[in-house]
Amino acid sequence: MANVPANRSRTQSDGRALSPNTKYPTGHQSYVRGAAAPQLQPQKKPIYQPDNIPDITMRHRTARKGSAPKAFLTGTCALLLLAPVVYGQVKVKEVTTDITEANQEYDIVLNEQKRMQSELESKMSIKNVEEYAEQVLGLQKLDQSQIEYLQLQTDDIVAIPEQEKNLFIKLKDKFQSVLEYLRG
């Protein structure tokens, strides 16, 4: 309070103005035993009380007739409206889980197929087939000493003799040849 601006007036707790020479706002000086410096008396702060205090009261409502059934019906309707949404979300979650599991299983099977394909290719290589034929089956590579040439006889002709015709077929053939001669 010692550095109060000049344009502001200093007042005591009871509202009276202090003179510029007054050092302590209370106007009382007291000494503590053996202390040379004066000590201020504690001031009581005024309690603020507004001029118009609102009157706040709580009104008690009485239960209206039929409000409990209305609340029950409203809650039931809300549950009936929310139940399909929740059920749909649960089904979507189940289907999503099934799809994820199927995709994981597909990836496992695809990796197994790739592994088996590479294993098959390594077993079917020419080198492995040759080793298997030589070691397990006891086969050898073909060389010139193993080649034998065969000659087939193509000069022989097989002749099938004509069968002898019966009398009626011979007469029929003669009759047809006469008709062909006459027709020209």
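Modeller: A surface patch takes residues with over 30% relative accessible area and no salt bridge, and nonpolar side chains are joined within 5 Å. This is a predicted model.

Biologist: Which residues form a nonpolar patch on the surface?

Modeller: Tyr 132, Val 136, Leu 137 and Leu 139. Together they have about 420 Å² of accessible area.

Biologist: Where is Leu 137 placed?

Modeller: Leu 137 sits in the loop between α2 (126-135) and α3 (167-183).

Biologist: Why does Leu 137 count as exposed?

Modeller: Its relative accessibility is 52%. Exposed means over 50%. Therefore Leu 137 counts as exposed.

Biologist: Now α3. What makes its end-to-end distance agree with the span that its 17 residues should have?

Modeller: At 1.5 Å a residue, α3 should span 24 Å. Its end C-alpha atoms are 25 Å apart, so the two agree.

Biologist: What makes you call α3 hardly covered?

Modeller: Buried means under 20% relative accessible area. Among the 17 residues of α3, the count of buried ones is zero.

Biologist: What follows just after α3?

Modeller: Gly 184, with a positive phi of about 95°.

Biologist: What is the mean pLDDT of the protein chain?

Modeller: The mean is 78, and 75% of the residues reach 70 or more. Helix α1 (residues 67-123) has the highest confidence, at 93, and α2 the lowest, at a mean of 85. Over residues 4-9 the pLDDT is below 50, and that stretch has one contact beyond near neighbours in sequence. Residues 24-31 are also below 50.

How values were computed: Residues numbered from 1 in each chain as written. Predicted model: local features only at pLDDT ≥ 70, side-chain atom pairs only at ≥ 80, totals over all residues. Heavy atoms only, no water. Patch = residues over 30% accessible without salt bridge, like charges linked within 9 Å, V, L, I, M, F, W, Y side chains within 5 Å. Areas by Shrake-Rupley, 256 points an atom, 1.4 Å probe, with all protein chains shown as cover. Salt bridge = Lys/Arg side-chain N within 4 Å of Asp/Glu carboxyl O. Helix = DSSP H or I, 4+ residues; strand = E, 2+ residues; numbered from the N terminus. Buried < 20%, exposed > 50% of the residue type's maximum accessible area, 1.4 Å probe, protein only. Expected span 1.5 Å × (residues − 1). pLDDT = per-residue confidence, 0-100. Contact = heavy atoms within 4.5 Å.
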